[in-house]
Amino acid sequence: MKKLIDKIYLFLVFIFLYAPIFILIVFSFNDSRLRGSWAGFTLRWYKNLFYDPSILSSLRTTLIVAVLATVISTIIGTLAAIGIHELRGIKKDVILNINYLPVLNPDIVTAIALMGFFGLFKLSMGYCTMIISHIVFCIPYVILSILPKLNQLDTNTLEAALDLGAKPFYAIRKVIIPQIKPAILTGALMAFTLSIDDFVVSFFNTGQGVTNLSITIYSMARKGINPSINALSTLMLLILLILLVIINRRSENKLRELSQ
């Protein structure tokens, strides 16, 4: 009986989590602009999506910012995580606690702090400030994704490479990084997801004419959401699922090769 109740609870949790996504997908095929009524099946919102300049422009901005923020924050976060891992004592504790601050703070605090920083140096708000703010926002998550994997490594691995004549950068590139690739990939995926999903940091650190998807959807909410957004969200979800399947298949194949 207890197992049955646990299964029912689990089922209800999944319904609570995924019902909104299912409804979004269904209404992306709705022939009506109204979300409260079904007027028949249509693909016109998918067609209109590719002719809507505001949505396409915000999508392009979102992808450019997300890709740049992911690449740069992953590189900086990986090197920072390796450096933090090599520290000992109070220095390591202090830097880790500083790294936790952006993660624990509400997004609004990070957003306003970055806006004040840009204002202090009189930087004009636009692409650059949005990209920098996303990089700063993502780096702590990349570090926290990589550190556990570094802690699992043999502490003598790096020292053995150095003793055999490898220079520090060569040892990190050829010995350490290949062993923590799964954690680096996880951190990069997390950074990419956070960048695409972010609204608060983007809203406070953008300039006139530079809007990503979240800002565009926010501006539409006052007039009524364009159903093409539902179509775009459905396509993005489908692409994400395909990528996850590919990544999982590759991971399974590598595990099979190692086991053989």
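**Group meeting: pocket and cores**

Let me start with the lining of the largest pocket: 19 of its residues are nonpolar, three are polar and one is charged. This is a predicted model, so please keep that in mind throughout. The pocket itself holds about 890 Å³ of space. In total 23 residues line it, and those nearest its centre are Ile196, Ser233, Met236, Leu237 and Leu240. Two or more lining residues come from each of helix H1 (2-27), H3, H9, helix H11 (213-221) and helix H12 (227-259). H12 has the largest share, with eleven residues.

Now the packing. The largest nonpolar core counts 35 residues, and among those with the most contacts inside it are Ala81, Ile143, Ile146 and Ile180. At least two core residues each are supplied by helix H3 (53-86), helix H5 (107-120), helix H6 (127-152), helix H7 (157-163), helix H8 (168-179) and helix H9 (181-197). H6 contributes the most, twelve residues.

What does Ile146 touch, leaving aside its neighbours within four places in sequence? Its contacts are Gly77, Thr78, Ala81, Ile180, Ala183 and Ile184. There is also a second, separate core of seven residues, including Leu49, Ile55, Leu213 and Met220.

Last, the annotation. The unreviewed UniProt entry marks "transmembrane region" at residues 9-29, 63-82, 94-118, 124-144, 183-204 and 224-247. I checked two of these spans. Residues 63-82 are 100% helix and 0% strand, with the end C-alpha atoms 28 Å apart. Residues 183-204 are 91% helix and 0% strand, and there the end C-alpha atoms are 31 Å apart.

Definitions and conventions: Residues numbered from 1 in each chain as written. Predicted model: local features only at pLDDT ≥ 70, side-chain atom pairs only at ≥ 80, totals over all residues. Heavy atoms only, no water. Core = buried A, V, L, I, M, F, W, Y, C linked by side-chain atoms within 4.5 Å. Buried < 20%, exposed > 50% of the residue type's maximum accessible area, 1.4 Å probe, protein only. Helix = DSSP H or I, 4+ residues; strand = E, 2+ residues; numbered from the N terminus. Contact = heavy atoms within 4.5 Å. UniProt positions renumbered as here; feature names shortened; annotations may be inferred. 1 Å grid on protein atoms, 1.4 Å probe; cavity = no way out; pocket = protein on both sides within 12 Å on 5 of 7 lines; lining within 4 Å. Points joined across faces, edges and corners; volume = space filled by probe spheres on them. Nonpolar A, V, L, I, M, F, W, Y, C, P; charged D, E, K, R; others polar.
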